[in-house]
Amino acid sequence: MKTSYVIKRILLTIFIFFIVVTLCFFIPRIGVTDPASRYYPAQSAGMTDEVYEEIKEDIRIQYGLNGTTFEQYVRYLKQLFKGDLGISYQSGNPKVIDCIAECLPWTLVLSVTNLLISLILGIIIGTMAAWKRGRWQDKALLNASTVTTALPSFFIALLLSFYLGFELELFPAYTDQNMVTGFDWSWQAISTVMYNAALPIFSMAIGGIVSYGQSTRNSVIAVSGDEFILTAKAKGLSNNRVIYGHTLRNAMLPIVTQFGMNISGLIGGAVVIEKIFNWNGMGTLFLTANSNNDYPLMMGIMIFMSAFALVANLLTDFVYSLLDPRVTLGEKR
Amino acid sequence: MKTIQGQDQEFATKILSVLKKIGITCLRILEGIWSFIKKLWKHKQGRVGLIIVALLVFCAVFAPIIAPYNPYDVTQRAEKGLSPSWDHLLGTSITTGQDIFSMLIYGARSSLSIGLITGLVIAVLGSLLGIAAGYIGGWVDTIIMRIVDILLVIPTLPLVIVMTNVLGTSYAVIVLVFAAFGWTGLARVIRSQVMLIKNANYVKAAELIGASKWYIMWRHILPAVSNLLIMSTALTSAGIMVAEAGLSFLGLGNPEAVSWGKMLADAQSSGAMLFGHWWSILAPGIGIFLAVFSFMRIGLAMEEILNPRMRKGSSMVKVFKHLNNKYLEEVFASMDDGSKLKGEYATCSINETPEGREMLACGEYAPSEEVAVTANGEESKRKEDDESA
């Protein structure tokens, strides 16, 4: 990896981030309403026009909506540079960054657990299917993948919450909101969170496990045709050594790519699932902001999600080149 | 006719020739579609997909005839929350008392139309931009790929939600928004394919003759990627249908239309689960599943039919020499039933991918392109190959 390439890549990322911020600023602005007329729709009795205008202007200044659109844009960029995403229209006008900080951990609980479960189980199942190629394990995985790729995760979630939540009453079908407000790091609180998170995680993980399993299987089969595997077998190594020491290790690269792509969708990928289970995460925050026309909050969430994806992509690229010495970034072959 | 003289006659012949060209193009497109359907029909998965799509299209087109009730007609609403019976095959919805079976049939309309139209728009946009980026290269390529980078970073669903919030939730807006943010994947695939084709001899020959770039892109590059285009269009349509269902599940789709996602959302919010009305959740879900499943089958079947790696390559036979009997047997035993051991001969093909070697059964898929190999490792080509060589 050349230093010049790294610098170029980082500069490009910053440029893309700038464009994304611009887009996120101007797209909602098409429909933005004047907050002044929202909070002060009519002139109260006995108020002079001058005072009324002054009050309206004060409200605009408070929300950063005074001046022309371009002035607002420059001001927004300046604020963003300081790490300030503005204030929300919600009651009490909390800072956008605080809203995000409040909801982010809850989304991460869901998505990180989901990703880890999918990855680990997927690799185990996929390796097994590749090893038992053509037998029932392999066929079961293939059939499962034809079904789950066509099943949207929110439908799986609805079925699970219907059967496991309402019929068998094994898991809560709706999240208990006391879990969020009364969270202290006690074991009881953590176990309550896991109990409530079981269904959402499981309904997302079904598709994830199968897709990781399928790509592991294909990758392992592709590698197991290589000559060094034949050599390993000829040396008399045990099956486990051949699978885990030689085959799987070389079959990891496509899985790393898939993992990197999934990491960039960690925050924005569970909007519908969060809605179904009433989970207090970023998706719910965004939907609430949307129904309230809370533009600063929507803009803030989108910029945050994009920044997260950008950083994730950048890191994946670098990690990938470290893992596989054959990948030489930015060098011409 | 004798009355047409001079200029008029010239004009008439011009119009005739133009009409002829248009007719021929239409015929060609129809022929292409027909051969595409025939190819798919031979493939097991493709046939399943085709049958389901045909069924769904039939339901969507003849919905008013098939459906026992009209879900849009307020007077045809029954008692709310009925269980399945002969009058209402899948019961009625809890909130409005609409017949769920009829809603299921009418729902095919919105799902299929949005999926197909968006798929087509994406196919046009993605192929145009992908071919431009891949063939013209230079700054055009840079700009298009930067746009792709930007669009890939912004989370799609939140962006679509914002756009529908700002622009409204009519069908046109939903199609446009999905198309505007969905073409990136296709453009990438097409671009990389075009970069391979660009160096083919026939393209170089056309360039040497002095053909214009537009001509080459239209007559040489586009036909070469058309199969890939059809395949990806089927897969993107499936993805769009899932996204549309998700959007209308969130209550952000077209509020007036009957759609499967909205049916799911209504069932959930009105407490269908609490009352144990499993049919009102299962029915729209199966609708979504069938639509997505069939399009995916068609796309994947096309991928298997078209996969260039399935075709005969010179490296194939060489690789076979290294393989011993036992390994071959293992491989044949694990292959699909399409390729059985025929006496001493078995048909299969090997290809070298960047990741490694892969053995593929092709007896079922491409009979004229297979290489027959004895179990001893000696290679013998089929008659067709000898003739062509």
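**Ground rules**

Residues are numbered from 1 along each chain as its sequence is written, and chains are lettered from A in the order in which they are written. Since this is a predicted model, local features need pLDDT of at least 70 and side-chain atom pairs count only at pLDDT 80 or more, while totals for chains, interfaces and linings use all residues.

**Entry 1: chain B overall**

I started with the elements of chain B and noted 15 helices and 5 strands. Both are DSSP runs numbered from the N terminus (helices H or I, at least four residues; strands E, at least two). Next I looked up burial: 39% of the 389 residues of chain B count as buried. My cut-offs use C-beta atoms placed from the backbone: 20 or more others within 10 Å is buried, 12 or fewer is exposed, and in between is partly exposed. For contacts I took two residues whose C-beta atoms, placed from the backbone, lie within 7 Å. In chain B, 68% of the contacts with a separation of 6 or more come from residues 24 or more positions apart.

**Entry 2: where B meets A**

How many residues of chain B are in contact with chain A? I noted 37, and they meet 41 residues of chain A. The elements of chain B that give two or more residues to this side include helix 5 (138-153), helix 10 (213-249), helix 12 (279-306) and strand 3 (356-360). Helix 6 of chain B gives the most, with 8 residues. By class, I have 26 nonpolar, 7 polar and 4 charged residues on the side of chain B that touches chain A. The classes: Ala, Val, Leu, Ile, Met, Phe, Trp, Tyr, Cys and Pro are nonpolar, Asp, Glu, Lys and Arg are charged, and the others, Gly among them, are polar.

**Entry 3: the nonpolar core**

The largest nonpolar core has 151 residues. A core here is a set of buried Ala, Val, Leu, Ile, Met, Phe, Trp, Tyr and Cys residues joined through C-beta atoms within 7 Å. Which residues have the most contacts inside it? They are A:Met298, A:Ile301, A:Met302 and B:Val292. I followed A:Met302: leaving out residues up to four places away in sequence, A:Met302 touches A:Cys24, B:Ile154, B:Pro155, B:Pro158 and B:Leu159.

**Entry 4: two helix pairs**

Axes are lines fitted to C-alpha atoms, for helices over the stretch in contact, and angles run from 0 to 180 degrees between N-to-C directions. A:Ile125, A:Met128 and A:Ala129 of helix 5 make the contact with A:Gln137, A:Asp138 and A:Leu141 of helix 6.

In chain B, helix 4 (residues 100-136) and helix 8 (residues 184-197) pack at about 40 degrees, with axes 7 Å apart. That makes this pair oblique too. The crossing of helix 4 and helix 8 of chain B is right-handed. On the helix 4 side I noted B:Gly126, B:Gly130 and B:Gly134 among the contact residues, and on the helix 8 side B:Ala187, B:Ile190 and B:Arg191 are included.

**Entry 5: single residues**

B:Thr164 sits in helix 6 of chain B. Is B:Thr164 buried or exposed? Buried, because there are 20 C-beta neighbours inside 10 Å. Beyond four places in sequence, B:Thr164 touches B:Thr169, B:Val173, B:Ile174, B:Val177 and B:Leu252.

A:Pro296 lies in helix 14 (residues 295-323) of chain A and is buried, with 25 other C-beta atoms within 10 Å. Among the residues that A:Pro296 touches are A:Gly86, A:Ile87 and A:Tyr89.

Then I looked at phi. Most residues other than glycine have a negative phi. A:Asn278 has a positive phi near 55 degrees; this residue is in the loop between helix 12 (271-277) and helix 13 (282-291) of chain A. A:Asn293 has a positive phi of about 55 degrees and sits in the loop between helix 13 and helix 14 of chain A. With 17 C-beta neighbours inside 10 Å, A:Asn293 counts as partly exposed.

Methods. Angles under 35 degrees count as roughly parallel, over 145 as roughly antiparallel, 65 to 115 as roughly perpendicular and the rest as oblique. A crossing is left-handed if the near helix is turned anticlockwise from the far one by less than a right angle, and right-handed if clockwise.
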